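Here are my notes for a colleague opening this structure for the first time. Please read them with the model on screen.

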Amino acid sequence: MSITCPSCLAENEETAAACLACGTPLQTDNSSANSNFSTYQLPPQTYLKEKRYLIEKTLGEGGFGITYQGIDCQTSSTIAIKELWPEKSVRQGLNITWSSSIPPAERQQQILKFKLEAQHQAKCKHPNICQVYDWFEENNTAYIIMQFISGKTLYQLLQEKQSIPETKLKKYFIEATEALAVIHQNNLLHRDLKPDNILIDSEDNAILIDFGATKEFIAGQTREMSVTLTAGYAPPEQYNYKSKRFPATDIYALCASIYELATGQIPEASIERLTDNNDPLIPPRQLAPHLSPLLERVILTGMNLRVENRFQSAEELVDAMKGNFVSPLHKKAQNLVKNHQLEEAVATYEKCLVNEPDSENVAVELALVQTHLDDKKAESAANQVVKINPNEGRAYGILGLVFCRRGNWEKAEKNLKKAVQLTSKEAWIQANFAWSLGKLQKWEEAETAINQALELNPYCVFSLGLKSWITAQQKQWKTAIQAARQALFKAKQNPDQDLTTIKEWVYPCLLLALEKAVVTKNAKDVDRCLNEYLTELPNSSFAWGFKGWKQSQSGIDQEVLSHFQKAVNQAQIPYWILINLGITQEYLNQTTASIETYESIINRFPNQALAYVRLGTSLAKLEQWEKAIPQLKQAIALENSIAQAHHNLAWSQLQAMISSQQNYNYHQIVKSYQKAIELYQQQSRNDLSDKLQNTFKDVGIQLGFAEKVH
């Protein structure tokens with residue numbers, strides 16, 4: 001270090017006793033021979049800031065600063081004091097005389113930069129960051145008052161021990177990375193991470209120090225920064241003062257530091273790696289075979305020359321070092337899913353699988369995303385997971401879900417049962433298992449499964465809705481009502497999610513349960529629920545159909561018909577709504593319309609016996625006997641226990657025989673009437689059975705002349 005003359009500011013050799021230009025003494029014999037501190041350091045027992053801080057001794061010095069150990073006289077605590085020491089400066093008394101080569105504007109800039117370092121470091125509160133307590137100007141320079149930490153840097157430890165065990169290395173760098181996360185949270189980049197700037201204290205904790213190069217940044221934005229770097233630790237973008245800055249800039253330096261401590265070698269400078277066609281960076285395990293594959297993978301990912309291929313946050317690096325390695329491409333896919341960019345996520349997952357063909361988690365997540373886009377591809381992806389790991393329960397869960405959607409309940413149950421056995425703590429698997437069990441009428445098992453799903457996730461709308469459905473099927477009306485109301489309440493709390501489909505089947509469960517549970521005529525719960533249903537889902541065929549059915553209990557009129565007509569104008573009309581529409585049309589003497597409705601039902605639901613009964617009856621009302629008879633026969637073929645089918649078949653055959661003089665089997669007609677009487681009695685419809693029996697008695701062979709179609 002050269003010495004500047006305090007009189008003429010001429011530069012002199014460090015060993016010079018007097019200024020060669022003017023002869024001013026530069027150091028005394030006494031000071032050079034007997035003093036433990038140099039003439040440019042503050043002597044022990046020097047006070048700063050109006051005797052608030054007392055210097056005890058010099059700890060060390062760098063290119064632009066001197067660090068002292070001192071005392072905070074107010075608290076009696078030991079502190080570190082960092083003094084800005086400008087290049088080529090000298091001290092006269094306690095004051096510093098700046099070199100004439102440093103203009104006044106630059107002097108102020110250096111002091112401002114020094115104080116800014118203190119401000120940045122003070123913002124970052126973390127046990128693994130050296131804390132800053134105070135900063136101020138004095139003696140024509142500036143000072144930072146910091147936490148005093150006794151220890152050695154990682155670089156010093158490496159020189160002493162030659163190597164550090166991997167477990168210890170991971171511990172140090174997890175602590176350093178957790179501290180780095182706080183720096184980044186304050187929109188700062190450290191920019192000079194290296195083993196020299198990571199201190200290991202007396203309690204074996206890693207502490208980040210030296211914030212002299214720290215700068216504010218906005219991730220991904222270009223901002224001019226001075227090119228402050230240490231070759232070997234700095235990534236390519238740090239060589240260009242106009243490059244965009246990212247947290248990954250510091251992550252490169254941190255992983256380069258791990259590289260050095262793990263292998264004993266400073267890595268190739270990134271700028272050299274960038275200009276060489278074959279990356280000269282030697283993989284860590286080639287230099288240190290004892291290192292784990294995980295640590296090597298972490299190091300090489302963090303030191304990737306492309307910013308986007310490194311860990312994007314300190315948190316990601318911590319997770320990776322703890323064993324939860326997620327590659328940047330994998331993380332990108334996960335973020336796309338969070339942002340609901342599912343097709344882009346699929347493409348990214350597929351790229352990821354090219355690089356990580358045996359990654360079970362990547363394959364599972366791809367299959368899960370495909371369940372939202374394409375069930376066939378989801379099935380294929382799930383089968384691929386099974387090839388990677390036959391004991392991956394989530395893969396069987398996905399297969400079970402796909403089979404549920406296809407209505408293949410036996411296969412769904414089989415796969416979901418296996419999924420539950422392998423992965424019992426996944427709420428969505430338990431819920432879908434309950435769904436498949438319910439569809440197979442295994443209600444008690446379904447209830448057990450859905451209760452387990454809700455233990456894992458008590459607020460899942462789908463699971464709550466399933467519980468309502470399952471308990472309603474078991475006539476547990478109060479439980480069904482409670483679960484349905486919870487499901488609908490939670491659905492309203494999630495306006496960003498499209499839960500329309502779930503509402504479409506939860507509301508019917510609630511209406512059914514309320515209808516069964518509410519016994520007083522004055523109860524308004526059903527009406528309130530129905531009005532809410534129509535407000536939430538005004539195009540619901542079930543809601544309008546239920547409204548028509550409910551109102552028909554008090555009498556059938558045009559308004560009831562209007563409700564049923566609104567119901568059939570919607571999509572996915574269930575059978576019960578169509579049949580009630582036809583019956584209402586019949587009741588209102590709209591026979592031709594009812595015939596069209598019943599024909600439409602039979603076209604869609606060819607195995608519904610009641611539709612044939614009503615169609616045959618409507619045709620008989622129009623005295624179209626020959627058309628009515630085959631419809632009524634088909635009804636009996638499908639379901640032999642409908643009394644009305646036998647009754648009206650006998651009536652139609654009898655009328656056809658009379659009107660057209662056709663030869664119908666009279667004994668068969670009598671048998672049909674007798675079957676009708678038998679079924680009416682079984683159904684406790686004694687009024688109708690008595691009426692038919694009286695007809696036999698009264699008219700004898702004239703049987704049925706006085707009968708009407710029912």
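1. Start with the annotated site. An unreviewed UniProt entry places the feature "binding site" at Lys82. UniProt positions are in the numbering used here, feature names are shortened, and annotations may be inferred rather than shown by experiment. Lys82 sits in strand 6 (residues 77–84).

2. A word on the source. This is a predicted model: local features need pLDDT of at least 70, side-chain atom pairs count only at pLDDT 80 or more, and totals for chains, interfaces and linings use all residues. Residues are numbered from 1 along each chain as its sequence is written, and side-chain values use heavy atoms, with hydrogens and water left out. Helices (H or I, at least four residues) and strands (E, at least two) are DSSP runs, numbered from the N terminus.

3. Is Lys82 buried or exposed? Lys82 is buried, at a relative accessible area of 16%. Buried means under 20% relative accessible area, exposed over 50%, and partly exposed in between (1.4 Å probe, protein chains only). Leaving aside neighbours within four places in sequence, its contacts (heavy atoms within 4.5 Å) include Ile66, Phe114, Tyr143 and Asp210. Glu117 is also among them. The side chains of Lys82 and Glu117 make a polar contact at 3.0 Å. Such a contact is a pair of N or O atoms within 3.5 Å; within protein, one must be able to donate a hydrogen and the other to accept it, and residues adjacent in sequence count only if both atoms are side-chain atoms.

4. Now helix 16 (residues 427–439). This helix has 13 residues and reaches 19 Å from first C-alpha to last. That is close to the expected 18 Å, which is 1.5 Å times one less than the number of residues. Helix 16 is mostly covered, with 10 of its 13 residues buried. Phe433 and Leu437 are among those buried. The buried residues pack against helix 14 (393–406), helix 15 (409–422), helix 17 (443–456) and helix 18 (461–473). Gln441 follows helix 16 and has a positive phi, near 65°.

5. Two loop residues deserve a look. Asn140 has a positive phi, near 65°, and is not glycine. Asn140 lies in the loop between strand 9 (132–138) and strand 10 (141–147). Its relative accessibility is 45%, so Asn140 counts as partly exposed. Asn589 has a positive phi too, near 60°. Asn589 is in the loop between helix 24 (575–587) and helix 25 (591–604). At 67% relative accessibility, Asn589 counts as exposed.
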